Amino acid sequence: MSDCLFCRIAAGAIDADVVHSSEGVMAFRDVSPKAPTHLLVIPREHVASVADLTASHEGLLVEMFDVIRSLAGRESLDGGYRVVTNVGADAGQSVDHLHFHLLGGRALGWPPG
Ligand code: AMP
């Protein structure tokens, strides 16, 4: 079993509050939410970050954004929402498995820290 935290969640080895599960993509609630809605959307396949994406991930990315759009609707984020992905240490990436944060349910400041 991989020691990647999100690979372990995708494999069901670590519990998460799962809100979407399909063959290629999973989404679950962030354990330390920064907004009323704070979801993480991940590929089941291990990709470390945006920096490792290639043209072969085109279909996966389309599916991930379909899931994001669908979850934003389910969470009634009618006022808007933010999709964020951190890449590397300077951006604060703490889990080296690609994930999109879906944040909403309150007004979000800009620019981020
Ligand atoms: P990042 O810092 O952009 O890499 O985002 C990683 C996110 O994963 C953080 O917002 C954490 O709160 C979240 N996180 C860490 N462990 C878990 C877990 N076991 N279940 C759900 N979310 C987690």
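Mentor: First, a term. Helices and strands here are DSSP runs, numbered from the N terminus. A helix has at least four residues, and a strand has at least two. Keep in mind that this is a predicted model.

Now the ligand. The shell around the ligand holds 16 residues. Asp30, Asn86, Ser94, His99 and His101 come nearest. Which contacts can we name? Begin with aspartate 30. A polar atom in the side chain of aspartate 30 lies 2.5 Å from an oxygen atom of the ligand. Next, look at the backbone. Valine 31 places a backbone N or O atom 3.2 Å from a nitrogen atom of the ligand. Glycine 92 also uses a backbone N or O atom, and that atom is 3.1 Å from a ligand oxygen. How much of the ligand does the protein bury? Alone, the ligand exposes 500 Å², and the protein buries 82% of that.

Then ask which elements build the shell. Helix H1, residues 5-10, and strand E2, residues 25-29, each give at least two residues to it. H1 has the largest share, with three residues. By type, the shell splits into seven nonpolar, seven polar and two charged residues.

Step back to the space itself. Which pocket does the ligand take? Compare the two lists.

Which elements line the pocket? H1 and E2 each supply at least two lining residues. So do strand E3 (37-43), strand E4 (81-84) and strand E5 (100-104). H1 again gives the largest share, three residues. The lining divides into 15 nonpolar, 11 polar and seven charged residues.

One lies in the segment after E5, where proline 111 has its place. The peptide bond from tryptophan 110 to proline 111 is cis, with omega near 0 degrees. The other is serine 76, in the loop between helix H2 (58-74) and E4. Serine 76 is not a glycine, yet its phi is positive, about 55 degrees.

Terms used:
Residues numbered from 1 in each chain as written. Predicted model: local features only at pLDDT ≥ 70, side-chain atom pairs only at ≥ 80, totals over all residues. Heavy atoms only, no water. Near = heavy atom within 4 Å. Polar contact = N/O pair within 3.5 Å; in protein donor to acceptor, adjacent residues only side chain to side chain. Areas by Shrake-Rupley, 256 points an atom, 1.4 Å probe, with all protein chains shown as cover. Nonpolar A, V, L, I, M, F, W, Y, C, P; charged D, E, K, R; others polar.
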